[in-house]
Amino acid sequence: MYAQMVKSTGEAVKSREEMTPEERRFQDRIDAGEKIEPKDWMPEGYRKTLIRQIAQHAHSEVVGQLPEGNWITRAPTLERKAILLAKVQDEAGHGLYLYCAAETLGVSRDELTERLLDGSMKYSSIFNYPTLTWADIGAVGWLVDGAAIMNQVPLQRTSFGPYSRAMIRICKEESFHQRQGYDIMLKMARGTEAQRRMAQDALNRFWYPALMMFGPSDKDSVHSAQSMAWKIKINTNDELRQKFVDQTVPQAEYLGLTIPDPDLKFNEETGHYDFTQPDWEEFFQVVSGNGPCNAERLEARRRAWEDGAWVREGLLAHAEKRAARSAAE
Amino acid sequence: MDKALFEFCLRMGDNTLILGHRVSEWCGHAPVVEEDIALANTALDLIGQTQLWLGLAGEIEGKGRDADALAFRRDAWEMRSVLLVEQPNGDFGQTLMRQYLFDQWQALMLAALEESAEPRIAAIARKARKEVAYHLERSRGTVVGLGDGTEESHARMQAALDRLYPYVGELFSDDAIDSALAERGIAPLPSSLRPDYDAALAETMAEATLSLPENRWSHSGGRDGSRHSEHLGHILAEMQWLQRAYPDATW
């Protein structure tokens, strides 16, 4: 998943006594593992939190086309080009069905797009980092899709039916994305001296931004507590980050690459790797619009939206003319 | 080496290679997400077809060059793409008009190639034809929709047609290679496809409320490599850069 710091109600989770009878019934359904469907009653906070979270994920898929699209025209072989095209096509598809899932909650895709463009809705911080060499396309697949999967797999069990079903579909494709990324890294890491340098450089630049994808520690966050009670969020950010590090370190070793963290080491007691936290000041700067590519990414999306207005209007006008003609017949 | 057959495969494969490249430039910039998906899908099909055509070209040549070697290690004068596919994307309307003008030709060409006396060509045509049928349905639908949409979309589509129509004729020009292949029953004479193409175009443009330019003068020089557009060099500089900069690497 690509949602970070999704705000919930901002209030502490209500106890059963504080809940209205409706809220209590709703919570019981969630606790029993039932899926909530769009037409079911739901607390306003649940609806709003879900819209924020699903839209942030959808926006991330759409903006995420840009750093990868940056290399489609320069992909080094026809096969790599085809694979990358297929991946980017999948991502746009993920964006589409996530927007559809959000729409079941009573918000339109156009509205969500406008909110992305005016900056009131976010997309994942990771897509504000540049892809500078071909190895970056490998690193994005391996680390970024890897981190996304970490988050998405548990969300297949999320309480909102349309979101859960979207996640199940998305997860299948994401694991292929991660494998193709790792395959690029493998080829680079076992390649020429220059390719090995590109691979290490990509890992150096993407390691900490990948760790940031899970968001800052949320063990004390009221937003996360509420989201977890509603099963919109399944694990804490720290749990997922740890899992990601534990999974990724051996993969880096297999590639013969060095994780850019001198303090990284396996802790026999905990059975996990100890690692250095990313620079959270950098993270907050990126999230608030000051990352290396924020301006370009938003500009690109804004241009696509504005330059495409005549197309959307034209096709709509044509559809209306046709409907009018067939009604007249 | 069967020079005519080799040239023919290059012509087919270079068209799909260059158009696939152009279409892929749209990635992430389309007017709606559905179009992002459709454009990526079209580019993907075209690159897949390129692998088949250039793969066969390499096989016919028999010098150990595979599809990648042909795509990434030839310079502009060795390319055999028509000028139409080298044209810049322009706005979305120009991109879809270019696509329609190409798809309509490609659909007719592939239908004829299914009957080719060369079984490897017939096999590629059979596979590609299904993909192209979908491309054509979509590009034609978009040309009609935008042509017969708002005043602005109509004007933009007419401008796109006027801009691109002078590149259509090259698709139907015959040369010695075409004659040799037609005699052997391998490929149709390009000019033989023109009447059906004209009929289809007339119907589409009427539906789209667009006017076909009267002047049928056509640019040429792409499919025989004698005079490509200035654009091709830039496309290749971008596309081939990694292979050229790191010739000893595999990817």
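1. A friendly place to start is A:Trp134, which is buried, because its relative accessible area is 1% and a residue counts as buried under 20%. Please keep in mind while reading that this is a predicted model. A:Trp71 is buried too, with a relative accessibility of 0%.

2. How many aromatic pairs does a search of the whole structure find? Over all chains, the search gives 16 aromatic pairs. In the one formed by A:Trp71 and A:Trp134, the ring centres are 6.3 Å apart and the planes stand at 65°, so the pair is edge-to-face. A:Trp71 belongs to helix 3 (residues 65–72) of chain A and A:Trp134 to helix 6 (residues 134–155) of chain A, so this pair ties together parts that are 63 residues apart in sequence.

3. Next, the place where the chains meet. Here 47 residues of chain A are in contact with 49 residues of chain B. The two chains bury about 4,100 Å² between them, and 68% of that is on carbon and sulfur atoms. On the side of chain A, the residues that lose the most area to chain B are A:Thr73, A:Leu78 and A:Trp310, together 21% of what that side buries.

4. Between chain A and chain B the count is three salt bridges, and the side chains of A:Arg325 and B:Asp148 meet in a salt bridge at 3.1 Å, N to O. Residue pairs in polar contact across the interface number 14. Several helices of chain A each supply at least two residues of the side that touches chain B, among them helix 3, helix 7 (161–189) and helix 13 (309–328). Which helix of chain A gives the most to that side? Helix 4 of chain A does, with 13 residues.

5. A:Thr73 deserves a point to itself. This residue sits in the loop between helix 3 and helix 4 of chain A, and with a relative accessible area of 6% it is buried. The side chain of A:Thr73 makes a polar contact of 2.4 Å with the side chain of B:Glu238. Leaving aside neighbours within four places in sequence, the residues in contact with A:Thr73 include A:Lys81, B:His21, B:Ser24 and B:Met239.

6. Last, a stop within chain A. Is A:Gln56 buried or exposed? At 8% relative accessibility, A:Gln56 counts as buried. This residue is found in helix 2 (residues 44–63) of chain A. Once its neighbours within four places in sequence are left aside, A:Gln56 is in contact with A:Tyr2, A:Ala3, A:Gln4, A:Val6, A:Lys122 and A:Tyr123.

Technical notes: Residues numbered from 1 in each chain as written. Chains lettered and ligands numbered in written order. Predicted model: local features only at pLDDT ≥ 70, side-chain atom pairs only at ≥ 80, totals over all residues. Heavy atoms only, no water. Phe/Tyr/Trp six-rings, centres within 6.5 Å; stacked < 30°, edge-to-face > 60°. Helix = DSSP H or I, 4+ residues; strand = E, 2+ residues; numbered from the N terminus. Buried < 20%, exposed > 50% of the residue type's maximum accessible area, 1.4 Å probe, protein only. Contact = heavy atoms within 4.5 Å. Buried area = accessible area lost by both parts, 1.4 Å probe. Salt bridge = Lys/Arg side-chain N within 4 Å of Asp/Glu carboxyl O. Polar contact = N/O pair within 3.5 Å; in protein donor to acceptor, adjacent residues only side chain to side chain.
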